[in-house]
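This briefing covers aromatic ring pairs and charges placed over rings.

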Amino acid sequence: MRSPLALLPTAVRAIVAAAALVLAAGLPGRAAGATPLVSVDWLAAHRGDSDVVVLDIRSAIDGGGTEAFAQAHIPGAVHSDYDKDGWRVTRDGVPFRLPSVAQLEKLIGEAGIDEDNYVVVVPAGVHASDFAAAARVYWTLKVAGLAQVSILDGGFAAWTAQASNPVERGAHPPSPKIFTATIDRALVAATADVERAEQNHGAALVDARPATFFLGRDKAPQVALYGHIARAINLDHASFYDPAANRLRPAADLARIAAQVPAGPAITYCNTGHWAATDWFVLSEILGRKDTRVYDGSMAAWTADASRPVVSSRTKWDDLKKALD
């Protein structure tokens, strides 16, 4: 049997179809008004929308994980442990890299996400490195081609701070979906891109680590050498974060702090591409500098080849203090 719509004249069918699209766009379930950083109130209004997936990423980094999720989480949320579930992998001998396409498709699909979903990433909301985890997941989803992603401003802590917001207990396993990645290489910097930037060609280098790492006083275990990449600007990821409020600072403050990064393309890096994700999120998603990329290999990949230069202010006294520690 032919549908009633098929019996209408062609012009009328076109008008009806257009009207249906307009109505669909205005229905709950289209994540209206979402921005890269959404408020608790926005999520409270939209968490029941059919296309919204609330992705809780609590892990050992914030002192949580699967057990913390089971004790209390936003109703309907699914959990994917940032530290354990494959958001960062070892590739070419370098840890904490971006997963392969096949790994991304499996990881994202098993979290119950497909290309039509709007994902709200929920960190614990307890410190700057915890926010960096959310920024890294956000960036990874964007790299994989997911168009609609946000981070919950203030994380789970902000959600529970409002007594009117419900929580639920127990496991909430997702229903796996088929996710097909469409990799956005414009968001990812390779070592060759960083080498060109280090030679003063093409992009500003932004080091997201604390100054002690940048200057060579401290070194992460995954990094072979003390110091930073030549020509890099030190813009500590934590400077963007308000520890009293446990959320990013207001946009005007972010713009003021980021003003030291020259106009034009930029590449953010740190030790392993974790803190670098915060600098990328602020520059690209909050301040609109879409020509910013993340070097996911960061100093771990850069120093894997001893021939690549690093700049360090480390002294013999620093070496002596290290030996005495």
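How many aromatic pairs does a search of the whole structure find? The search finds 6, where rings of Phe, Tyr and Trp (its six-membered ring) pair if their centres lie within 6.5 Å. The model is predicted: local features need pLDDT of at least 70, side-chain atom pairs count only at pLDDT 80 or more, and totals for chains, interfaces and linings use all residues. Residues are numbered from 1 along each chain as its sequence is written, and side-chain values use heavy atoms, leaving out hydrogens and water.

**Trp42 and Tyr118**
- The ring centres of Trp42 and Tyr118 are 6.1 Å apart with planes at 45°, so the pair is tilted (planes under 30 degrees apart count as stacked, over 60 as edge-to-face, the rest as tilted).
- Trp42 lies in helix α2 (residues 40-46) and Tyr118 in strand β6 (residues 118-122), 76 residues apart; helices (H or I, at least four residues) and strands (E, at least two) are DSSP runs, numbered from the N terminus.
- Both Trp42 and Tyr118 are buried (under 20% relative accessible area, 1.4 Å probe, protein chains only).

**Tyr138 and Trp280**
- The rings of Tyr138 and Trp280 also form a tilted pair, because their planes are at 55°, with centres 6.0 Å apart.
- This pair joins helix α5 (residues 128-143), which holds Tyr138, to helix α10 (residues 275-286), which holds Trp280, across 142 residues.
- Tyr138 is buried at a relative accessible area of 1%, and Trp280 is buried at 1%.
- Ring pairs connect Tyr138 and Trp280 with Phe131, Tyr241 and Phe281 in a cluster.

**Charges over rings**
- The charged end of Arg58 sits over the ring of Phe156, 4.2 Å from its centre (NZ of Lys or CZ of Arg within 6 Å of the ring centre and within 35 degrees of the ring normal).
- Arg314 lies over the face of Tyr226, 3.8 Å from the ring centre.

How values were computed. Buried means under 20% relative accessible area, exposed over 50%, partly exposed in between (1.4 Å probe, protein chains only).
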